[in-house]
Amino acid sequence: MAKVAVIGSGFSGLSAACFAAKQGHEVTVFEKNSVIGGRSRFYEEQGFMFDMGPSWYWMPDVFEKFFKQFDKVPSDYYKLVQLDPGFQLFFSEANALQVPAKLEDIYQVFESIEKGSATKLKKFLAEGELKYKVGMEQLVYKPALSWMEFANYNVISGALKSHIFKSVQTYVRSFFKDERLIALMEFPVLFLGAMPKQIPALYSLMNYAALTKGTWYPMLGMYQVVSGIEKMATELGVSFKTNCNVEKINITAGKASSITTSLGDFKTDVVIASADYNHVEQKLIDIEYRNYSEKYWEEKTFAPSCLIYYVGVNKKINKLIHHNLFFDTDFDKHAKEIYETPQWPENPLFYVCCPSKTDATVAPAGMENLFILVPIAPGLKDTPEMREHYFAAIINRIEQKCNDAFLANIIYKKTYCVNDFASDYNAYKGNAYGLANTLKQTAVLKPSVKNKKVKNLFYAGQLTVPGPGVPPALISGEIAATQMSNYLKSIKNAN
Ligand SMILES: Cc1cc2nc3c(=O)[nH]c(=O)nc-3n(C[C@H](O)[C@H](O)[C@H](O)COP(=O)(O)OP(=O)(O)OC[C@H]3O[C@@H](n4cnc5c(N)ncnc54)[C@H](O)[C@@H]3O)c2cc1C
């Protein structure tokens, strides 16, 4: 049995800890914050329960697969409901475009907007199914240490090859003409941190997942997933140390031998670092042991940061549903302000989550819980004035679209932005979603899951493989734990 130190308690750290404990090791998770969950933390204020980060529960199969490896199912820990409609998009027209849960109904929505598009959607989803099967069921579980791992898959050599070099934008536009359908089909890849023209078409497997596997919600909020995994980890024997900032990974004779934390030193046989990769490399290990230089990080394309408002409203709001995307301004202009000429956006698109539409427990009776997210470029100068600047305009846009005034009914508001991401999570440039999944930052081209100089130091999380998002973070923890297991077996065999 080895002593394993997991740095960070986000989804990737929790996942790595569970797999390491299942292998029979003595596992401790070290978390700097007082609450576990990383970017998926939660807080309660004036009777409103706010999920601080993720709100979209997509790819339920990945969660099932995760729990199955511990002979569990998600319902052992939380209750999922499928949202119907899954989400809606507001454009310049008065009425929102709602995306129903049933595929048959989605085809009808498409056909009502663009004649012939239902048939095209069927073809799009048939190709998506193949991508999903190959991509999500096989490729994303690879450690991506060498291209040879991918040599046997038809993604590289066969039917899907063209989907690597074609962009999501070109691909989507070869099927659909209506700008609303294009926005609907392109938006899921924004989660991957770059513009649709920069993301390989392979990732349109996300649309397949969004439209065919549904949009789900764990009752009481996304934090239930964190609590569930924490409970399972504890059942597996994992210990947690919160309010425990890791200050240094001490390396002796080429191996991580202990970690220095705000609660003292802890000996270890292996370290799985699931805190932001850049922070671990630049702040926790000495320069000679780093995989990458500061220049390497500067040249990387980071996924956006965001400006978030957590808002409590003392009345119900018309027309909002659980997930609402406000695409009523110029998408290309906002995207350029994030990715091409990073600056505070003039008239941004935004997303509003209103979980109180589904779950009465997240707001006091008759009230509404709002999570408003504006994607912005990472590294922007974050000031109280800037945070305030957008609020009234955004609320006004929601009021207009919903035909319902509620500014005067706001009884609670908190903002969260670049500086908070940097200070709470040690996030490089205050990024929210890690590294973008562009072609040049996919698979082997992502920061490596292994430290190349320190054999018992592994990395997990949204800056390494497979990338940003809760399902990838769970997979990342599994990959890191498997690499650790291979390492421990190799030293056992050598002795
Ligand atoms: C606002 C927002 C909305 C999102 N929405 C969605 C969504 O709807 N659906 C989806 O699937 N994904 C979403 N994501 C992405 C998803 O939440 C992340 O990809 C995922 O949670 C990242 O997990 P992680 O384990 O890699 O990192 P983190 O969650 O950041 O975990 C890393 C942990 O390491 C800790 N740490 C850092 N430094 C130290 C140190 N020195 N010592 C000890 N601990 C340390 C941090 O405090 C943190 O707890 C969203 C992200 C954000 C920010």
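User: How do the residues of the shell around the ligand divide into nonpolar, polar and charged?

Analyst: This is a predicted model, in which local features need pLDDT of at least 70 and side-chain atom pairs count only at pLDDT 80 or more, while totals for chains, interfaces and linings use all residues. Residues are numbered from 1 along each chain as its sequence is written. Ala, Val, Leu, Ile, Met, Phe, Trp, Tyr, Cys and Pro count as nonpolar, Asp, Glu, Lys and Arg as charged, and the others, including Gly, as polar. On that basis the shell around the ligand holds 16 nonpolar, 17 polar and 3 charged residues.

User: Which residues come nearest to the ligand?

Analyst: A residue is near a molecule if its C-beta atom, placed from the backbone, lies within 6 Å of it. There are 36 residues around the ligand, and those that come nearest are Gly8, Gly10, Gly38, Ala275 and Gly461.

User: Which element gives the largest share of the shell around the ligand?

Analyst: Helices (DSSP runs of H or I, at least four residues) and strands (runs of E, at least two) are numbered from the N terminus. Helix 1 (11-22), strand 14 (305-313) and helix 16 (470-494) each give two or more residues to the shell. The largest share is 3 residues, and it comes from helix 1.

User: Between which domains does the ligand lie, and why?

Analyst: The domain bounds come from an automatic or database domain assignment, which divides the protein into domain 1 (3-40 + 57-78 + 220-300 + 434-494), domain 2 (103-213) and domain 3 (301-425). Two of these domains give residues to the shell around the ligand, so the ligand lies between domain 1 and domain 3.

User: How many residues of domain 1 and of domain 3 are in contact?

Analyst: The centres of the two domains, taken over C-alpha atoms, are separated by 30 Å. Residues are in contact if their C-beta atoms, placed from the backbone, lie within 7 Å. The contact joins 13 residues of domain 1 to 9 residues of domain 3.

User: Is helix 4 roughly parallel or roughly perpendicular to helix 9?

Analyst: Axes are lines fitted to C-alpha atoms over the stretch in contact, with angles from 0 to 180 degrees between N-to-C directions. The axes of helix 4 (residues 117-137) and helix 9 (residues 205-212) come within 8 Å and cross at roughly 105°. Angles under 35 degrees count as roughly parallel, over 145 as roughly antiparallel, 65 to 115 as roughly perpendicular and the rest as oblique. Helix 4 and helix 9 are therefore roughly perpendicular.

Conventions
Two residues are in contact if their C-beta atoms, placed from the backbone, lie within 7 Å.
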